[in-house]
Amino acid sequence: MAEIDIPPHLIELERTAWAEQEAGALTVPTAAAVQAAYTEHAVAKGVSRYELEAAVKKAVRHP
């Protein structure tokens, strides 16, 4: 997998979603916002949305 540039706003969105998920309180609006941000950034940068999401989750969950 190539190096993927991860903007800070994606890290913050994923941190929020991960904290909610760990607390058992993940909401649909939070999950939808994260997925929409992944898609928007992937399209804008011409990268795989799947690879972007995996890279962000790795950065947040396994720093």
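**Notes on a helical model**

1. The expected span here is 1.5 Å times one less than the number of residues. Helices (H or I, at least four residues) are DSSP runs, numbered from the N terminus.

2. Before going on, bear in mind that this is a predicted model, where local features need pLDDT of at least 70, side-chain atom pairs count only at pLDDT 80 or more, and totals for chains, interfaces and linings use all residues. Residues are numbered from 1 along each chain as its sequence is written, and side-chain values use heavy atoms, with hydrogens and water left out.

3. Now for what α3 hides. L52, E53, A55, V56 and V60 are its buried residues (buried means under 20% relative accessible area, exposed over 50%, partly exposed in between, with a 1.4 Å probe and protein chains only). They cover an arc of only 165° around the axis, which puts them on the same side of α3; the arc is that of the directions from the helix axis to the C-beta atoms. Y50 and K58 are exposed on the other side. The cover over the buried residues of α3 includes α1 and α2.

4. Helix α2 runs over residues 28-45, and its 18 residues reach 26 Å from first C-alpha to last, close to the 26 Å expected. T30, V34, A37, Y38, H41 and A42 are the buried ones. Seen down the axis of α2, they fall within an arc of 125°, so they line one face of the helix. As a reminder, an α-helix has 3.6 residues a turn, so residues three or four places apart point the same way. Turned away from the buried side of α2 are the exposed V28, P29, E40, V43 and A44. After α2 comes G46, with a positive phi near 70°.

5. What do the buried residues of α2 pack against? Their partners are α1 (8-22) and α3 (49-61).

6. Take the α1 and α2 pair next. Their axes come within 10 Å and cross at roughly 150° (axes are lines fitted to C-alpha atoms, for helices over the stretch in contact, and angles run from 0 to 180 degrees between N-to-C directions). α1 and α2 are therefore roughly antiparallel to each other; the label needs an angle over 145 degrees, while 65 to 115 counts as roughly perpendicular, under 35 as roughly parallel and the rest as oblique. On the α1 side the contact (heavy atoms within 4.5 Å) is made by L10, L13, E14, T16, A17 and E20, and on the α2 side by T30, A33, V34, A37, Y38 and H41.

7. The α1 and α3 pair packs at an angle of about 65°, with axes 9 Å apart. That makes α1 roughly perpendicular to α3. Here L10, I11, E14, R15, W18 and Q21 in α1 meet L52, V56, K57, A59, V60 and R61 in α3.

8. Two single residues to look at. R49 is found in helix α3 and is partly exposed, with a relative accessible area of 31%. Not counting residues up to four places away in sequence, R49 touches Q35, Y38, T39 and A42. A36 lies in helix α2 and is also partly exposed, at 45% relative accessible area. A36 and E22 are 14 residues apart in sequence and 21 Å apart in space, C-alpha to C-alpha.

Terms used
Helix = DSSP H or I, 4+ residues; strand = E, 2+ residues; numbered from the N terminus.
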